Amino acid sequence: KKDNCKKFGRLYSYEQAKEICPEGWHLPSSNEYSQLMQFAKTTGNLRSRDEWTDKGGKGINFWGFNALPAGGREDGDFFDLRVSSYMWTSNKEAFWLRYYDNNFNLLPKDEKTAFSVRCIEDVQTP
């Protein structure tokens, strides 16, 4: 739906995700997401304050990461809108944030599944 796309962003297959980051940026690895969680401490610190289902805890977006609950698409069907945020890693896994707790998971996923993408800037060494 166009309204969902405007609000939550697009969903990309793994092949699309590998190509979507602009020059000087890259798709984060599973290890980079794990480091993010060690820093953030809880998924609530990364979840947006808005759009999550009323059935669970709201995000506080403490670090400005603003993870939106865009859900995903698998076999042509959309799922978990307003309950989960899935973001591709460069390791063909999904970084998964959910509404009902402060845990995160890294899930191996089929490359045809579609999820959100967060690119991070490449580190420049002097």
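1. Glu111 is partly exposed, because its relative accessible area is 32%, between the cut-offs of 20% and 50%. This is a predicted model. The side chain of Glu111 meets that of Lys92 in a salt bridge, with N to O at 3.5 Å. The pair links distant parts of the chain. Glu111 sits in the loop between strand 6 and strand 7 (120–121), and Lys92 in the loop between strand 4 and strand 5; they are 19 residues apart. Lys92 is also partly exposed, at 33% relative accessibility.

2. The structure holds five salt bridges. Another of them pairs Glu51 with Lys7, and the closest N and O atoms are 3.7 Å apart. Glu51 belongs to the loop between helix 3 and strand 2, and Lys7 to helix 1 (residues 2–8), so this bridge ties together parts that are 44 residues apart in sequence. Both partners count as partly exposed: Glu51 has 26% relative accessibility, and Lys7 has 42%.

3. Asp101 and Arg98 also form a salt bridge through their side chains, at 3.0 Å from N to O. Arg98 counts as buried, because its relative accessibility of 6% falls under the 20% cut-off.

4. Leu68 touches both ends of the Glu51 and Lys7 pair. Its contacts beyond four places in sequence include Lys7 and Glu51, along with Phe8, Ser48, Asp50, Trp52, Ser84 and Ser85. Leu68 is in the loop between helix 3 (30–40) and strand 2 (72–74). Its relative accessible area is 22%, which makes it partly exposed.

5. Trp63 lies in the loop between helix 3 and strand 2. Trp63 is partly exposed, with 42% relative accessible area. Together with Phe39, Ile60 and Phe62, Trp63 forms a nonpolar patch on the surface. The patch has about 460 Å² of accessible area in total.

6. Which residues of helix 3 are buried, and which are exposed? Ser30, Tyr33, Met37 and Ala40 are buried. They cover an arc of only 90° around the axis, so they share the same side of helix 3. The spacing fits a general rule. An α-helix has 3.6 residues a turn, so residues three or four places apart point the same way. On the other side of helix 3, Gln38 and Phe39 are exposed. The cover over the buried residues of helix 3 includes strand 4, strand 5 and strand 6 (104–108). Lys41 follows helix 3 and has a positive phi, near 75°.

7. Thr89 lies in the loop between strand 4 (84–88) and strand 5 (93–98). Is Thr89 buried or exposed? Thr89 is buried, because its relative accessible area is 0%, under the 20% cut-off. The side chain of Thr89 makes a polar contact of 3.5 Å with that of Ser30, one of the buried residues of helix 3. The Thr89 side chain also reaches the backbone nitrogen of Asn91, at 3.1 Å.

8. The surroundings of Thr89 deserve a separate entry. Neighbours within four places in sequence aside, Thr89 is in contact with Tyr14, Leu27, Pro28, Ser29, Ser30, Tyr33, Phe95 and Leu106. Ser30 and Tyr33 are among the buried residues of helix 3.

Note on methods: Residues numbered from 1 in each chain as written. Predicted model: local features only at pLDDT ≥ 70, side-chain atom pairs only at ≥ 80, totals over all residues. Heavy atoms only, no water. Helix = DSSP H or I, 4+ residues; strand = E, 2+ residues; numbered from the N terminus. Buried < 20%, exposed > 50% of the residue type's maximum accessible area, 1.4 Å probe, protein only. Contact = heavy atoms within 4.5 Å. Patch = residues over 30% accessible without salt bridge, like charges linked within 9 Å, V, L, I, M, F, W, Y side chains within 5 Å. Areas by Shrake-Rupley, 256 points an atom, 1.4 Å probe, with all protein chains shown as cover. Salt bridge = Lys/Arg side-chain N within 4 Å of Asp/Glu carboxyl O. Polar contact = N/O pair within 3.5 Å; in protein donor to acceptor, adjacent residues only side chain to side chain. Arc of directions from axis to C-beta.
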